[in-house]
Amino acid sequence: MRFQLTAVLAIASATISIANPTWQAEQSWAKGSNGHSAPEHTSPRPNVSCHPKTPHKPVPSPPSRNKVCYVKSHNDSITDDSTYIMDALHSCNNGGHVVFKEGTKYMIGTALDLTFLNHIDIDIQSYIQFSNDTTYWQANSFRFVFQNVTSFFKLGGNDVNIYGGGTIDGNGQVWYDLYASNIYTLRPVLFGLDGLKNSVISNLVLRYSPEYYHFIANSTNVVFDNINIAGGSKSKNLAKNTDGWDTYRSSDITIQNSVINNGDDCVSFKPNSTNILVQNLWCNGSHGISVGSLGQYKGEYDIVQNIYVYNISMHNASDGARIKVWPNTASALSGDLQGGGGSGMVQNITYDTMLIDAVDYAIEVDQCYGQSNLTLCLEYPSPLTISDIVFKNFKGKTTKKYQPEIGTFACSSTSACKNIVASGIDVLSPNGTDSAYCLNVDESVLDVKCGGPYLGFN
């Protein structure tokens, strides 16, 4: 299946029917075209192109593969199929095509190190689920160095193409409930990339990740296309921190043509993310397309540079476009998320063409992230600079949460920010106003009515 987003932002009503998450991911897969048994076959590799914007590097175009390996399965939704999976990946590495068979279910109960992959296609036609053994995963999942991130598997290597239209299910409910009782629970991300390069991940359905859906670390020249993300909790315990994509120490990443229903950032550019293109996304229930958070770790220098975000449809979110930076003093957003005192720079970021639909702030620039005391934040301004930022062609309506304000442009000192421009901002609050809280910025180049009071940050 393929979820196309047109260049016109009036796509919301047409997209809702395919974006609504249902808890029964396995049943949805079974009723779909990939849920029925079929003769063994390979899927054609999707022809992925980037339009209308093009990335700094061309989309990887690998040669055809010369060997096919079909992954065996116990097909009982209980027994760990990890040995079968690793056998197929090793057998078809360096020029082969691995197939997770249509109409077949696979269970993964072992942490998989996949950083050896090279010149390989992974064709997921099936339903793959990770086990619900939270004790095992907390002890054995792969740990990254940023914000307690761990991963079910670590995907790396060169020239890896993953596609097939199948479903990958993170079995998130047990994690949502566990995190509600213990905020120090180490919840795995669904897709953990570490050192992946020259690769394309496309045409997949991702459901119920325990935490982020993608964490992209130490990777370069990777394209994500036609990814459908959804997942929520069926209990009173919310699915938290379920970012769609987080980039970290990575460059030349493209994320496009995808539908995201989640409970945190739709896309987030974490420290040292450069040359990134995000386009043609439909985001619902998120915290927006975010730069940061940055400056969390004292003594570290964070860079986010050369980011272009285009043609985003943002619905029922806390933010549309967001830049969030920790102040230069110890702060705590929550018990398991604390920091402040780091430095760095945010430079050459463009948000171009965004539909705002029931969003609290259309635009939020905040150098006091994690610090509710504005006076203390301004007393210890962030050393991280923000420059050459463009917000343009925004249209829609915010919620009443911060009305009459539709946005905030708040820098913690007069030297921290320069050349932040907002033009073509056709966004109103429910009562018809377009006010904004503006602090230590050049108000003459902001297409909003500065002068509003401080009403808070998200």
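Modeller: Let's start with what the buried residues of α5 pack against: α4 (134–140) and β11 (188–189). Contact here means heavy atoms within 4.5 Å, and buried means under 20% relative accessible area, taken with a 1.4 Å probe on protein chains only. Helices are DSSP runs of H or I with at least four residues, strands are E runs of at least two, and they're numbered from the N terminus. This is a predicted model, so local features need pLDDT of at least 70 and side-chain atom pairs pLDDT 80 or more, while totals for chains, interfaces and linings use all residues. Residues count from 1 along each chain as its sequence is written, and side-chain values use heavy atoms, with hydrogens and water left out.

Helix α5 itself covers residues 173–181, and its buried residues are Q173, W175, Y176 and Y179. They sit on the same side of α5 because they cover an arc of only 165° around the axis, going by the directions from the helix axis to the C-beta atoms.

Now the core. A nonpolar core is a set of buried Ala, Val, Leu, Ile, Met, Phe, Trp, Tyr and Cys residues joined through side-chain atoms within 4.5 Å. The largest has 93 residues, and F409 is among those with the most contacts inside it. Beyond its neighbours within four places in sequence, F409 is in contact with residues including F391, I420 and A436. Apart from that core lies another, of eight residues, F146 and F215 among them.

As for A436, it's in strand β27 (residues 435–439) and counts as buried because its relative accessibility is 0%.

Terms used: Buried < 20%, exposed > 50% of the residue type's maximum accessible area, 1.4 Å probe, protein only.
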